[in-house]
Every structure is written in structure tokens, then in C-alpha cells.
Amino acid sequence: MKYLKFVSTLFLLSICLSFSAFSQQDTTILNNIITKTKRLAELYPIEKVYLHFDKPYYTVADTIWFKAYLTAEQNLPSNVSKVVYVDVINSKDSLVQSLKFPVKNSVAYGNLPIDPVNFKQGNYYIKAYTLWMLNFNQDYFFTKTIPIGQAIDKELFTHYTYTTTMTEKGQVINARIQYKNIDKKPYANKTVNWRIESGYDIIGKGRGTTDANGVLNVTFSPKKNEQITSGNLITDINTADKNIASASFAIKPKAGDNDFQFFPEGGELLKGIPTQIAFKALTPKGLGIDLTGTVTDGEGNQITTFTSSHLGMGAFFLNAENGKSYKANVKFKDGTSKTFDLPKAAESGISVQVNNTSAEDIGLKIVANDAYFAANKSKTHFIVAQSGNIIYYAAQTALQNQVTATKIPKNKFPSGIVQITLFNTAGEPVSERLAFVLQPQAMNVNIQTDLPSYKPRQKVKMTVSAIAGAQKIAGDFSVAVTDDQKVPIAEDAETTIVSSLLLSSDLQGYLEKPNYYFNKTNDKKLADLDILMLTQGYRRFTYKEVLAGQYPKVSYMPEQGMNITGTLRDRTGMPVRKAPLRLTIPGRTYSAEALTSPSGIFNFQNLNFPDSSQVVISAKYGSNGSNLMIMVDPEPAPVISGNVNVPDEVQNIDSAMSSYLNNSAKQYSYLRQLKEVVIKAAPVKKVSHSDYSALSGLSMIADRTIDGTQLTGYNDLLTALKMMATGLTYDENERQFYVTRDYNAGKKIPVGIFLAGSPVDLFSISGVNMNEIESIEVFLKDDLGTVNRMYNTNGVISINMKVVKKVKMSIEDLKKLLPQNNIVTINPKGYSKQREFYSPRYVNAPATYTNKDLRTTIFWNPRVTTDLLTGTTSFEFYNAADRGTFRAVVEGLDKNGNPARFVYKYTVK
């Protein structure tokens, strides 16, 4: 339900305001703002995804359990989409796995086995989204960094640090690695071979020997005028005779000084107005750093002092005087100092200022400086406050005084970010302020157990209750119970359903320790949250675009089920109308039928088949079926970008997850990984662009090489190129690739695409068998110009095909091998397999069991619902064999879209 509170005047607190009659034009302007914002909300609803995981980190051989919550406006259950996607991406920004789940009642249940083939120790990040969300900025996708350790047959424990410095000669990277064995004793005096990879290319290598403490120091400098921004240091250490252990370490250098930014309240610093100026200090790695400082004027006079309040953020007040400039003299916690110029004050302006300390109201002031007030006295101004693209408050007033104040009741808004915008008499936005509203009584969820403490393997009865004030609440929840000793968790750094849906999902950029503001919230944390509102970017939309009628471009419609679409054409390329097609899955009694539209488009709707299924689409049953061609549309996917939460990556997993890894080594002791056996043979020459005469003039070394093995997981070549061909930009409208640097400079000459040395277009590569590709080479320039001049292109994509052994075959055999255009076989992304979490039942006396129960997740239940009558629900499970403290976390949403989380701990003695 949408609420719009329209207030025709601003009610004043401390000053007297004489209202004049508003003209019809004034009302029209405000109605225009409201109408166009309402249109935005109706046509482009905000959809959000949140994933609740059973744990914050895992090891190889674990299973990741999660529940997806899908919401729309006001965090109510979403009816927009019925399919949710979850991508797993490694630290090299390569897609490891992509999962697809059906959504029912706005939730989906998922799991991901962490197999040793696709997963190694390292940092991974999860990205969750719907097809509808692809129309908007990826900043609003759900993302989370998840470290994964290795405990099976582990013989190498490492601790790694590195520094990056810039000298006159270029970048210098110094790395320090300590190696220890399973007993945590140093590998002393051992030979180590190392290499540095960047963009799948080896850019440096060397050899060294560990010292008495098992420490190896590596110093590396890339070629002149080159700089590593992302890479990996890979080492091979001889732990014993003929035994080599490998380890990989991420290199993501962030050179430079601490950054310090100013954020004047309302958008800009105005002369003659006391203005709150928020600030934010970050280390080169993107983490907040605390500080102290002073503000001085141009003559060196101290005006004020300031101190950061939380994670390098804070605020101070400044009344900028005419003709004066100001500097901030900052001393950071790391001991460094620096001076920064404050932004210049505007000669004329008006600002929105907020006091958000009251639990009941948002204190609002509109403050105009002398110059602005003189030019705009008695002119109508407008205030609009929206949350989630829904306007909850709108008002208009004539500017009779330089300060206009009012209170906006917080009960008008749901919990979350409120965007308060001031418009001038022409309806143009002139000042803006974010405020956060937290409704503490919206919903509270609680956990109780039948006993205060338990014995090992004893049954636990747990009850979840949800209330809003004194009212029982119906809600949908998920519960995870973990061993607190084996899975220690920093609650402030957690990504929770509250911090995600109310905060992170509406803010751009990295948000450090998001749950800090909601974990035992107090006045200080609310004040810190208000400063965050001043410093963090929020731009789901801008009023200038909306009022100009510039709405988002929609390329993808919401999915109501699993569909396969495409076009049916005849041999001349013309679309075939009203032709029947049939879809089958070999080995299963599953089929579907579709009829093409007048433009030859077919759509198999509401399909349901598991992932890795082979799907056959046939058009041979229609008239003239042998002369038809089926073109299946590629499955859309987001461009793989870098992890926005890089500061959350764990650099030393062995030490940071030591408790968890020690337990996992025991838990999976029955598993053994096969040792790699290297069989050396004569090297087989791989096909490259140099094997094709048309491309022989290109450089021997491509700017980017994509090995054929890296294409695993992509259903079509175009999607793979869009994601992996770095240095190129794909224009959806032109359906062409361009060299990014030239494209951004306005030079729109397409990249030449060559398949096995022959020039082709994008349409031609849609049917290329991905398994037959040897490699893809990307050239951002053609030094000799032989290719570019010949084909009027700029840059080259060379798709090199594997050499096929020549065999003798008859004409009939050849015909069998030729693809039938009226029958296509594809492997579309199906729904990922569903599994149930296993929880053992110790029905006899616990003492009778002697087997080890080393579970870290004791219980996982994603299907916990409370009803309106009681607001409660109960369930049972059995403890594991260990004693200690156990942590139960419940998260979920009530029927009104209010998110809640509760952490409960109990003991096993």
C-alpha cells in the first residue's frame, strides 16, 4: 500500500510565518513533482534481494545454505519477479558458478556444495539479483564477501603481507610470506619458486629460500610505465624431497595517501550560514581511519576542532565568512598528517538542514543566506520527502524568512532512508538531505529455548515469536544455529536482513561494518548513522531526470517463470509466423509446445527443469519444417565487475579462520584429495591468430588472451565476450564491440571479429560450440594497420578453434554430423537442485553415542513461519557432541515488510 501525506503549509516551531495564498501554478509544480515520482514508482518498482546464510565463512567440502528474500516497495513481498539468480565469483573476478532458483511467496531456498574441483582457498563474493534488477545499477544488487578455507590434506599454513610503493622508476611490490607445516612449525631453508600473474598472464617470476622462521621475501617491479592493480602471487615450496606445496596470494595494490572528503549538509557550503560539514577519511584500502583535526582560516586563526566519531567519519559546524578561505589540518590515527582545503562557499544559496535526534520527529530547517533571500523573498518553495521512490510527505511555503523550521512526524515513514529534497519556485531541486528513520516497534522477533542449558546431543526445543508492540505478527523467517567456538562471528561486521534491506541496498559503494548501527542501537549509533547519511552516496534516481521525463531504460522484463525465447526464420532469413515448435528433454517425459508470433518470435513459458539439462527444440513438425532455422536468444547476465566489498576480503585465511579450519580438518579427515601427477610429454602447439594468414600482421602477444577452459559456465560466446574481453565495450544498441578508450573518446569504429581467421559478425558466432574454442585473443590496437585498414575496424577479436583430427568419412556420415538448423540442442540454465539440511536425531540416551559429531552448523531451517493468532512457532533439533556456547540467529520479514533479526545464545555443558 502506498501512502502520500500532502501538507499544504509548513508548520513552524520557533518563528512566526505569514502565509500568502498559493497560486494555481504553485500547486501545479508540486503536483508535477508528485505525479512524475509516482509514475517512477509504479512503472519501475524497486526490487531487492537479501540472502541469509547459515555461516559467514566455509571450507572446501562444506555446503553453503541460504534463503533468499525478495522484496519490492516498503520491503513488502515482491510480485515483480518469480526467479532469482545467485552468482559466485572468485578473487580473479571470474564466474565460478551461477545458480537459479524459483521464487514462491517471495522466498527461495538454496544450497551450494563447495566441491574441491571448482573451489580453492580464497575469497569469493556472492551476487544475487533478478532479471528485472539488470535494468538498473549493479550497486543495488545484493553482494557479500565469503572467505573459503582449505582443510583437507592441508600441509601448508601461510601468513602473508605485502606493501606497494611508487618510486621514480615505477611501482615496487614487497611481499613477506611465512610458511608452516601442519604442526605450525616453520618450513626453514626451503626453496620457493614464485610467479606473479595478472590478467591470466605471467608478468614476473623468481626463486628464493625461506629463512630460519620459514619467511620468504619477494620484491617485484613490473615493466616501465606498467602497474599492477590486480594479480596473484603464486608460490611453490619444496616442503620435502620431491614434494611441492603451492599457495596463491592476492595482490590488489592500493598505493597512495589517506583520503579525506568533505560533505556540507544540504549539498554545498553557503556564505553566512552556520553549516554542518560531515567528513570521511579512508585508507588506500578503502577502510575508515580515525583522526583529529582543526579548521583554520587563511590567516592561520583556529576556527574549530573536530574528531572522528566512527570509522573515520564525523562532522563539525562552520560559518563561512565573505572573502575567507579555510583549511582542515588533519592528523590520522596512523601518525600521518595532511592539510586539506575546504570547499569554497557559494555566494548565494539555500539549504535543507536536519536534526534527527528526536524519536518522534525529523527536525527540518530551510535556511537561506542573505543573497538568496534578497533575490527570492516571498517566492514559493517545495519540500518533498520520499523513501524507496514513494513520496510520504510533500509541502509548499512562501519564503518569508531566512529560516523556516518544522517537524515531520517519523510515523509517516517506514524504517529506512528518507530523501528530503527542497525545490525552488521553478520546481528545480536546490538542496537535499538524507535522514534515517528507525521504527523500533515495527517488529521485534525473539527466540526462547525450553531449557537454559543442555547436554551434548540433547534435544533442543526452540520457539520463535514475533510481535509489534502488543500485537502478534505473522512472518516468514529462517534460523541458523552454529557452534560459537568453532564459528566466531563479529556481529558489527555482519551483513544482516536489517542492514541490507534498510541501508546497504539503497546506498552506493562499500559500507564498512553495516550491522554496527543496528546491533544494540543507542543514541551514539543513531548519531553515527546520521553522519553516514551525510557521507554515503544515494542516487537510485535524480529529480532532474525524473522531472524531465527521463526514466530508466528497460531492456529486461520481470520473469514470472523460466522461459526460453528465440526467433524462427526460413532459409532466406525471414521470420516465420504461426509455426509450431516443440521442446523436449532427452531421457525425461517432459515436453512443451509453442507457436511463433507474427514476427517469428517463440516463447516457451513457465518451464521447470533442473540445471545441466539438455534441451532440444524442434521445428520439423510444421509445414516446410526442413527449411527452417531456429535462433535461440542468449540468456542475459550481468557484467562481472570487481567486488565492491574488497575491504572485507580476508588476507590471511589460515590465521583468521584457524578455529574453523582445525575443526574442519577433523570433520573431513575421511576425505583425501588425489595428489597431482605431472606427466611431461612433447608440447602440443596451440592454435593462435598467427596460424591465420589474414591476422598474421598482428603482434605475437595479444593484449588479452582468454583460454578456452575459462569459458566453462557460459552458455553462449557473446555473453562470455561481454564479461571477459577487458578493454572492450559492448554497445547494446549498435550490437558491436568497441575499444573502450576510443569509444569513451567518441571514436566509434567497431572491433573486427574473426572466427578461425575469417571475418564474421556477432550473429555468426551465436552458434559456435564453446567446447571447440582453443582460445580468444583480444588486440586493442593493430600496430601495422594491416587488419584495420583492410576491414575498416579498430581492434581485433580472434576466436581460435581447436584443430580437429582429419578422418575419412562418407557423404552420409558427413550429413549426420552437419547440424540440423530446424533442430537445436542447448544447455540453458535450469533451476539448481534442492536439498534438505541434514540434522541427526539422537533418540536414545546421548551417552550411548560414541561417534564424533563435529558439525559447525547445528541446525538450519529456512521455513519458519509465525501466524497471526499466536505470533509464534516451535521446532526441535539435537545438539552436536561438543560443549560450549551455541549461537542461534533468526532473520525474516513480517507481512508488512518489516525486517527483523535476533541473536540468542545458549550453553551446552
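Analyst: Rings of Phe, Tyr and Trp (its six-membered ring) pair if their centres lie within 6.5 Å. The model under discussion is a predicted one. In it, one aromatic cluster is formed by Tyr50, Phe53, Phe66, Tyr69, Phe101 and Phe142, and a search of the whole structure finds 35 aromatic pairs.

User: What makes the pair of tyrosine 85 and tyrosine 129 stacked?

Analyst: Planes under 30 degrees apart count as stacked. The planes of tyrosine 85 and tyrosine 129 are at 10° to each other, and the centres are 5.6 Å apart. The angle is thus under the cut-off, and the pair is stacked.

User: Which parts of the chain does this pair tie together?

Analyst: Tyrosine 85 belongs to strand β5 (residues 83-90) and tyrosine 129 to strand β8 (residues 122-129), so the pair links parts that are 44 residues apart in sequence.

User: Why are tyrosine 85 and tyrosine 129 called buried?

Analyst: Buried means under 20% relative accessible area. Tyrosine 85 has a relative accessibility of 7% and therefore counts as buried; tyrosine 129, at 3%, counts as buried because that value too is under the cut-off.

User: How do you know whether phenylalanine 101 is buried or exposed?

Analyst: Its relative accessibility is 1%, so phenylalanine 101 counts as buried. Phenylalanine 101 lies in strand β6 (residues 95-102). Leaving out residues up to four places away in sequence, its contacts include Phe66, Val84, Tyr109 and Tyr831. Phenylalanine 101 is also 9.8 Å from proline 610, C-alpha to C-alpha, although 509 residues separate the two in sequence.

User: Why is strand β4 described as mostly covered?

Analyst: Nine of the nine residues of β4 (residues 63-71) are buried. In a regular strand the side chains alternate between the two faces of the sheet.

User: What makes strand β2 and strand β7 partners of β4?

Analyst: Two strands pair if there are at least two bridges between them. Strand β2 (residues 48-53) and β4 have six bridges in the antiparallel sense, with phenylalanine 53 opposite phenylalanine 66. Strand β7 (residues 107-113) and β4 are likewise antiparallel, over seven bridges, and threonine 63 stands opposite proline 113. Both counts meet the criterion.

User: How do you know on which side of helix α7 its buried residues lie?

Analyst: The buried residues of α7 (residues 658-667) are Tyr660, Leu661, Asn663 and Ser664. They cover an arc of only 165° around the axis, so they lie on the same side of α7. These residues pack against β3 (58-59), β9 (142-149) and α6 (653-656).

User: What makes arginine 457 a charge over the ring of tyrosine 842?

Analyst: The criterion asks for CZ of Arg within 6 Å of the ring centre and within 35 degrees of the ring normal. The charged end of arginine 457 is 5.2 Å from the centre of the tyrosine 842 ring and sits over that ring.

User: Why is aspartate 528 called buried?

Analyst: Aspartate 528 has a relative accessible area of 3%, which is under 20%, and is therefore buried. Aspartate 528 lies in helix α4 (residues 523-535). Beyond its neighbours within four places in sequence, aspartate 528 is in contact with Ser309, His310, Tyr516 and Tyr517.

Notes. Residues are numbered from 1 along each chain as its sequence is written. This is a predicted model: local features need pLDDT of at least 70, side-chain atom pairs count only at pLDDT 80 or more; totals for chains, interfaces and linings use all residues. Side-chain values use heavy atoms; hydrogens and water are left out. Helices (H or I, at least four residues) and strands (E, at least two) are DSSP runs, numbered from the N terminus. Buried means under 20% relative accessible area, exposed over 50%, partly exposed in between (1.4 Å probe, protein chains only). Contact means heavy atoms within 4.5 Å. Rings of Phe, Tyr and Trp (its six-membered ring) pair if their centres lie within 6.5 Å; planes under 30 degrees apart count as stacked, over 60 as edge-to-face and the rest as tilted. The arc is that of the directions from the helix axis to the C-beta atoms.
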